[in-house]
Amino acid sequence: MLITIKQPRSEKEFEDYYELRWRILRDPWQQPKGSEKDELENESFHVMACDENNNVAGVGRLHFNNETEAQIRYMAVSPEHIEQGIGTSMLEALEEKSRLEHCKTIVLDARKNAVVFYQKKGYELLGKSHLLFGSIQHYRMLKFIL
Ligand SMILES: CC(C)(COP(=O)(O)OP(=O)(O)OC[C@H]1O[C@@H](n2cnc3c(N)ncnc32)[C@H](O)[C@@H]1OP(=O)(O)O)[C@@H](O)C(=O)NCCC(=O)NCCS
């Protein structure tokens with residue numbers, strides 16, 4: 001299957017983008033539509049992975065905490081597409097954007113199940129961060145980018 005990594009641009013693309021984010025990261029915990037967004041969406045850099053039919057297979061977001069530090073949030077690959085390199089491709093696009101913006105570090109809070117994925121991509125585990133919905137432990141991770 002041919003997967004393309006792109007930025008959502010049209011209203012429909014953003015609708016599909018947020019739909020997947022909600023479906024993977026919010027719906028399983030009975031969180032309502034709208035809970036998948038925060039106040040930084042308009043100033044963030046978004047990527048989505050689409051198949052030949054424009055179905056969304058993965059999403060991810062980058063925002064900037066300050067001039068030298070970027071943060072990744074809301075990475076999600078649909079269950080039928082995991083372990084096929086899509087997370088890696090989206091991560092590379094977000095890291096490339098960070099480099100273009102002259103950032104030196106990328107931080108993120110990974111769910112426990114995603115820690116190994118990020119470690120494989122060069123992120124260092126710093127320790128526990130927040131607990132989401134009272135049950136999902138997150139771990140702060142950091143990568144220095146060149
Ligand atoms: C975590 C996630 C984004 C990874 O995306 P993916 O497309 O499956 O990752 P890739 O196929 O690019 O995997 C790259 C490498 O990481 C490994 N990997 C991916 N997910 C993993 C996991 N959950 N546990 C252990 N290893 C994992 C792959 O096996 C692969 O290893 P290899 O290079 O040795 O073959 C995806 O599994 C996901 O969306 N999970 C559910 C939602 C979630 O937890 N999001 C993160 C929020 S912080």
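The legends below describe close-up views of a predicted model.

**View 1. Overall architecture of the predicted protein.** The protein contains three helices and seven strands, which follow one another along the sequence in the pattern β-α-β-β-β-α-β-α-β-β. Its C-alpha trace extends over about 35 × 35 × 30 Å along the principal axes. A compact globule of 146 residues would have a radius of gyration near 15 Å, and the value of 15 Å for the protein therefore agrees with that expectation. Of the 146 residues, 29% count as buried. Among contacts with a separation of 6 or more, 56% are accounted for by residues 24 or more positions apart.

View 2. The seven strands are arranged in the order 1-2-3-4-5-7-6, with mixed pairing. Strand 1 (4-6) and strand 6 form the edges, each pairing on one side only. On average, neighbouring strands of this sheet are turned by 25° against each other, direction ignored. Helix 2 packs on the sheet and touches strand 1, strand 2 (45-50), strand 3 (56-64), strand 4 and strand 5. The direction of helix 2 makes about 25° with that of strand 3.

View 3. Strands of a sheet pair through backbone hydrogen bonds, either parallel or antiparallel. Strand 4 and strand 5 pair in the parallel sense, with four bridges between them; here I72 stands opposite L108 of strand 5. Strand 5 and strand 7 run antiparallel and are joined by seven bridges, and A110 stands opposite Y139 of strand 7. Strand 6 and strand 7 also pair in the antiparallel sense, over six bridges, with G127 placed opposite R140 of strand 7.

**View 4. Surroundings of the ligand.** The ligand is surrounded by 18 residues, of which I82, G87, T88, V116 and F117 are the closest. Strand 4, helix 2 (86-100), strand 5 (105-111) and helix 3 (115-120) each contribute at least two residues to this shell. By class, the shell comprises 10 nonpolar, five polar and three charged residues.

**View 5. Y74, a buried residue with positive phi.** Y74 is not a glycine, yet its phi is positive, at about 60°. The residue lies in strand 4 (residues 69-77). Within 10 Å of Y74 there are 24 other C-beta atoms; because the threshold for burial is 20 or more, Y74 is buried.

View 6. F133 occupies the loop between strand 6 (124-132) and strand 7 (136-144). The hairpin has three residues between its strands, and F133 takes a positive phi near 50° there. This positive value, too, occurs in a residue other than glycine. F133 has 11 C-beta neighbours inside 10 Å and, because 12 or fewer is the criterion for exposure, counts as exposed.

Note on methods
Residues are numbered from 1 along each chain as its sequence is written. This is a predicted model: local features need pLDDT of at least 70, side-chain atom pairs count only at pLDDT 80 or more; totals for chains, interfaces and linings use all residues. A residue is near a molecule or strand if its C-beta atom, placed from the backbone, lies within 6 Å of it. Ala, Val, Leu, Ile, Met, Phe, Trp, Tyr, Cys and Pro count as nonpolar, Asp, Glu, Lys and Arg as charged, and the others, Gly among them, as polar. The radius of gyration is taken over C-alpha atoms; the globule rule is 2.2 Å times the number of residues to the power 0.38. Two residues are in contact if their C-beta atoms, placed from the backbone, lie within 7 Å. Two strands pair if DSSP finds at least two bridges between them. Axes are lines fitted to C-alpha atoms, for helices over the stretch in contact, and angles run from 0 to 180 degrees between N-to-C directions.
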